[in-house]
Amino acid sequence: MVVWQTTPVLDQWRFVVPGQPTPWTVYTRRGEPHRGFLEMQAWQEQIRAYVRSQWGRKARLDGGVMVDTAFYLRWPQTAPQHSRRAMAVWREKHLAMKPDLDNLRKAATDCVASVLLVVGDQQVVSGRMSKNFAEPGQEPYTVISVGKA
């Protein structure tokens, strides 16, 4: 079970944001925005609202910052649900598929920068990233850690 929390640890802030991670998507402004773009915008707004509520009116982080991101995607209903071995095999095969980890990270770090935790993406000088699946029945979520580099 995930506890939604924000934890300050040695000048590092950890945000656990509920919701299905959605990759960064381009809207070319030809016609109506497509579903993927609208889903990304909704997810980004969810991250912004959560980080704003937890960050409050603290000062921006100056200089280089570290941003770690861990994405836990929804476990599909079509995937194995009970056999640990079958679940492990399925997870290993499907983690190497879409969504692209770089695009998940870009969507999340853009939100952090827009909430004024940092001046802009250029301040991010280090960080780790990972993607996995949440356990069956568990809500998807994202863990974002921000701190001085």
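Analyst: Happy to! Let's start with pairing: two strands count as paired if DSSP finds at least two bridges between them. Keep in mind that this is a predicted model. As a case, threonine 69 has methionine 129 in β5 as its bridge partner.

User: How many bridges join β3 to β5, and do the strands run parallel or antiparallel?

Analyst: There are 5 bridges between β3 and β5 (residues 129–133), and the two run parallel. Strand β3 is also joined to β4 (residues 124–126) by 2 bridges, again in a parallel arrangement.

User: Which residues stand opposite methionine 66 in β4 and in β6?

Analyst: In β4, serine 126 stands opposite methionine 66. In β6, the residue opposite methionine 66 is glycine 147.

User: What should I know about side chains in a strand, and how many residues of β3 are buried?

Analyst: The general idea is that side chains in a regular strand alternate between the two faces of the sheet. Strand β3 (residues 65–73) is mostly covered, with 8 of its 9 residues buried. Buried here means under 20% relative accessible area. Across the protein, buried residues make up 39% of the 149 residues.

User: Now helices. Which residues of α1 are buried?

Analyst: In α1, the buried residues include Phe37, Met40, Trp43, Gln44, Ile47, Arg48 and Val51. Tyr50 and Trp55 of α1 are buried as well. The helix covers residues 35–55, and its 21 residues reach 30 Å from first C-alpha to last, close to the 30 Å expected at 1.5 Å a residue.

User: In what order do the elements run from the N terminus on?

Analyst: The order is β-β-α-β-α-α-β-β-β, which comes to 3 helices and 6 strands. For contacts with a separation of 6 or more, 79% are between residues 24 or more positions apart.

User: Last, the largest pocket: what is its volume, and which residues line it?

Analyst: Its volume is about 260 Å³. The lining is made of Gln20, Pro21, Thr22, Pro23, Arg35, Glu39, Lys98, Pro99, Asp100 and Asn103. By class, that lining has 4 charged, 3 polar and 3 nonpolar residues.

Methods:
Residues numbered from 1 in each chain as written. Predicted model: local features only at pLDDT ≥ 70, side-chain atom pairs only at ≥ 80, totals over all residues. Heavy atoms only, no water. 1 Å grid on protein atoms, 1.4 Å probe; cavity = no way out; pocket = protein on both sides within 12 Å on 5 of 7 lines; lining within 4 Å. Points joined across faces, edges and corners; volume = space filled by probe spheres on them. Nonpolar A, V, L, I, M, F, W, Y, C, P; charged D, E, K, R; others polar. Helix = DSSP H or I, 4+ residues; strand = E, 2+ residues; numbered from the N terminus. Expected span 1.5 Å × (residues − 1). Buried < 20%, exposed > 50% of the residue type's maximum accessible area, 1.4 Å probe, protein only. Contact = heavy atoms within 4.5 Å.
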